[in-house]
Amino acid sequence: MKSTRKGSFPMTVQVSFSGDYRSLVTPETSQKINAISEAMNARTSAGAEFLGWKNWPSEIDSQLVERIQKTAEKIQQQADVLVVIGIGGSYLGAKAVLEALRQPFQVTEKVEIIFAGHLVSGAYLKNLLTYLDTKEVAVNVISKSGKTTEPAIAFRFIQDYMEKRYGQEAAERIYVTTDAEKGALLDVAKEKDYARFVVPDDIGGRYSVLTSVGLLPIAAAGHSIDHLLAGAKRAEGELATVDLEENPAIQYALVRDHLYSTGYPVEISAIFEERLKFVQEWWKQLVGESEGKQGKGIFPASVQYSTDLHSLGQYVQDGKRMLFETFLKVASVEDDITMQLAENDSDELNYLAGKTLHTVNDAVQQATAEAHLSGGVPLVTLEIPDLSEDTIGYLLYFYMISCAYSAYLLEINPFDQPGVEEYKVNMFRLLNKPGF
Ligand code: PA5
């Protein structure tokens with residue numbers, strides 16, 4: 001059974017499911033969804049103090065958007081490269097949007113955005129610093145807590161580099177995005193008088209892409225944050241309904257919950273346009289940290305097809321049956337190319353003559369869906385119309401609200417991440433941090 005919602009604007013997410021979707025819509029599920037929605041709206045659900053992202057697109061202060069835009073223009077004037085330092089939710093949102101909007105092999109960004117602090121690699125940082133020598137540089141360091149080790153290490157090196165290279169002018173080129181009131185990064189920003197942006201108190205890292213955390217790097221690159229926010233705002237309006245027929249985010253949550261409870265604990269996101277690879281990475285963090293708690297939760301994985309059809313495809317088709325697959329399809333692409341007739345047909349591809357590669361890619365999708373379904377892999381399909389700022393804004397909000405419903409269906413607080421702490425404590429002990 002197929003559940004489809006079509007909008008009039010060019011941003012639509014359609015959810016279709018290979019099983020019997022109708023059977024999931026019962027008085028009991030409707031009641032559960034109503035209760036979750038009411039609790040979120042009344043701010044009484046678990047972790048409700050972190051629900052600030054829910055109405056953010058419609059409530060964002062236009063003066064903040066203007067300030068971000070102005071700062072982005074300043075960065076464009078002063079720098080060739082913006083080094084964005086952050087990890088997890090302070091990194092993946094901007095990375096996801098930038099990659100999704102980037103046409104392959106085209107450098108359309110007004111400033112090159114380079115990420116740092118999302119890994120601890122001496123080779124990465126050393127080579128980055130060498131690369132920066134040939135460019136004009138600005139820095140945006142992002143950390144909500146202001147004390148995360150990996151970005152703090154990267155910032156120590158890059159701040160030192162900026163001060164040696166630019167002297168007092170370094171302070172004009174460093175932008176800090178952090179909590180309004182606490183954290184070591186805030187102290188540094190105040191001491192050095194860096195321009196500051198705030199991560200709202202009531203929005204956790206993985207839900208922060210539409211705040212200054214994501215918007216400043218995205219705007220600096222030259223993309224329209226107005227369009228991104230407009231897409232998210234439209235999603236906020238459309239996905240507020242608890243009418244299951246009308247709300248694809250709830251449909252997706254219900255399908256996932258059903259699959260999870262019937263023996264499919266692993267969800268593989270599959271894409272056919274490589275530009276969406278970091279949307280998958282962002283989604284994996286969103287789901288992994290929101291749902292993976294108390295011995296529960298769907299494990300989010302990702303594949304890029306056709307590449308992985310010749311790699312993980314074997315396992316998906318034929319390995320242990322615990323997987324369901326979610327295709328993230330793009331209905332139309334800006335650029336395409338058509339197969340031509342070859343005179344001698346020595347590669348035996350003339351049967352494709354006249355077809356665009358998007359059409360061939362459609363056949364890959366259809367063929368994969370049929371194969372994996374017959375191999376016992378349930379299929380969910382999300383279809384977006386294009387890869388524009390509006391659509392990506394819509395999609396990000398769609399994933400966030402759907403993830404909140406999914407976690408609440410599992411009776412889990414979507415907004416904490418207690419499991420992330422353990423490795424940190426071990427690392428501090430191993431590195432002899434005082435007190436550990
Ligand atoms: O979603 C989250 O809250 C985390 O993944 C954080 O974004 C991540 O740990 C980075 O934290 P911070 O922004 O405090 O440096």
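1. The second largest pocket takes at least three lining residues from each of domain 1 (2-44 + 229-409) and domain 2 (56-223). Those domain bounds come from an automatic or database domain assignment. A pocket here is an open set of points on a 1 Å grid over the protein atoms alone, where a 1.4 Å probe fits, with protein on both sides within 12 Å along at least five of seven lines; lining residues have an atom within 4 Å of a point.

2. This is a predicted model, in which local features need pLDDT of at least 70, side-chain atom pairs count only at pLDDT 80 or more, and totals for chains, interfaces and linings use all residues. Residues are numbered from 1 along each chain as its sequence is written, and side-chain values use heavy atoms, with hydrogens and water left out.

3. Which residues lie nearest the centre of the second largest pocket? They are Pro 104, Phe 272, Glu 273, Glu 274 and Arg 275, out of 24 lining residues. Helices H12 and H14 (357-374) each give two or more residues to this lining. H14 gives the largest share, three residues. Helices are DSSP runs of H or I with at least four residues, strands are runs of E with at least two, and both are numbered from the N terminus.

4. The second largest pocket holds about 610 Å³ of space. Such a volume is the space filled by probe spheres set on the grid points, which are joined across faces, edges and corners. Its lining has 10 nonpolar, five polar and nine charged residues. Ala, Val, Leu, Ile, Met, Phe, Trp, Tyr, Cys and Pro count as nonpolar; Asp, Glu, Lys and Arg count as charged; the others, Gly among them, count as polar.

5. Now the largest pocket. Its space comes to about 1,200 Å³. The lining has 41 residues, with Thr 148, Gln 417, Val 420, Glu 421 and Lys 424 nearest the centre. By class, 12 are nonpolar, 15 polar and 14 charged.

6. Strand S4 (137-143) and helices H6 (149-166), H12 (277-291) and H16 (421-430) each supply at least two residues to the lining of the largest pocket. Domain 1 and domain 2 each provide at least three.

7. The whole chain has 16 helices and 10 strands. Among contacts (heavy atoms within 4.5 Å) with a separation of 6 or more, 77% join residues 24 or more positions apart.
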